[in-house]
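Biologist: I would like to learn how to read a structural model. Please take me through it feature by feature.

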Amino acid sequence: LAYKYSTHPVSVEIEVTKHEEIPVLVAAIDAAHYVTLLTGEGKVLTKATFNMRNNVKQFMRLDLPKGATFLNCFVSGKPVKPAQDTSGRVLVPLEKSEALGETVTQFPVEIMYLTQKEKLKTFGRFTMHLPELDIPTSQLYWSVYAPEEYNYGWFQGDVKKVEAAVPMGLFT
């Protein structure tokens, strides 16, 4: 602020109020596409590609499914070496998005992990889980490829089963 005085002596009274800051989203995954390959021997190989934006977050924390082995990781097409925190979560180093005018650039993060389950049986139930992330996801697509010689008559979970889907805005 600027003030102009017209006579002496000069005095000014100012009331200052500091407002409480509201936390804002520092990173977001605009689209996540998981591709899982299930074998009859019970091996479950999952590749996840996240299309994300990041302002200040240093790492993405992943809590992999129980018994999963982390295989590899790429950020913007370059291999990166993840770390592990004291809780056993995987820490994937992130880059920061660039500001282009009023928008923020997106970049891909790709991970791959393997889980060993029991061999598929003639009858039974098979459960699969995705990793838990510490960054909110707007769109999620999960493609599961399973052996053709089995019948899959019952689907249950918190994702909707569809026969075919066209990912909207995924890496365009």
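Modeller: Start with the core. The largest nonpolar core holds 21 residues, and those with the most contacts inside it are F50, M52, M60, V92, V109 and I111. A nonpolar core is a set of buried Ala, Val, Leu, Ile, Met, Phe, Trp, Tyr and Cys residues joined through side-chain atoms within 4.5 Å. At least two core residues come from each of strand 1, strand 2, strand 3 (59-63), strand 4 (69-75), strand 7 (90-93) and strand 10 (107-116). Strands are DSSP runs of E, at least two residues, numbered from the N terminus.

Biologist: What kind of model is this, and how are residues numbered?

Modeller: This is a predicted model, in which local features need pLDDT of at least 70, side-chain atom pairs count only at pLDDT 80 or more, and totals for chains, interfaces and linings use all residues. Residues are numbered from 1 along each chain as its sequence is written, and side-chain values use heavy atoms, with hydrogens and water left out.

Biologist: Why look for a core?

Modeller: In soluble globular proteins, nonpolar side chains tend to be buried together. Take M60 here. Setting aside residues up to four places away in sequence, M60 touches I29, F50, V90, L91, V92, L94, V109, L133, D134 and I135. Contact means heavy atoms within 4.5 Å.

Biologist: Is Y34 buried or exposed?

Modeller: Y34 is buried, at a relative accessible area of 2%. F50 is buried too, at 0%. Buried means under 20% relative accessible area, exposed over 50%, partly exposed in between (1.4 Å probe, protein chains only).

Biologist: Which residues are closest to the centre of the largest pocket?

Modeller: Rolling a probe the size of a water molecule over the atoms shows where empty space is left. The largest pocket contains about 2000 Å³ of space. Its lining has 47 residues, and F126, M128, V144, W154 and F155 are the closest to the centre. A pocket is an open set of points on a 1 Å grid over the protein atoms alone, where a 1.4 Å probe fits, with protein on both sides within 12 Å along at least five of seven lines; lining residues have an atom within 4 Å of a point. Points are joined across faces, edges and corners, and the volume is the space filled by probe spheres set on them.

Biologist: Which element gives the largest share of that lining?

Modeller: Strand 12, with 7 residues.

Biologist: Where is S76?

Modeller: S76 lies in the loop between strand 4 and strand 5 (78-79). S76 has a positive phi of about 55°, although it is not a glycine. S76 is partly exposed, at 27%.

Biologist: And E149?

Modeller: E149 is in the segment after strand 12. E149 is exposed, at 64%.

Key: Helices (H or I, at least four residues) and strands (E, at least two) are DSSP runs, numbered from the N terminus.
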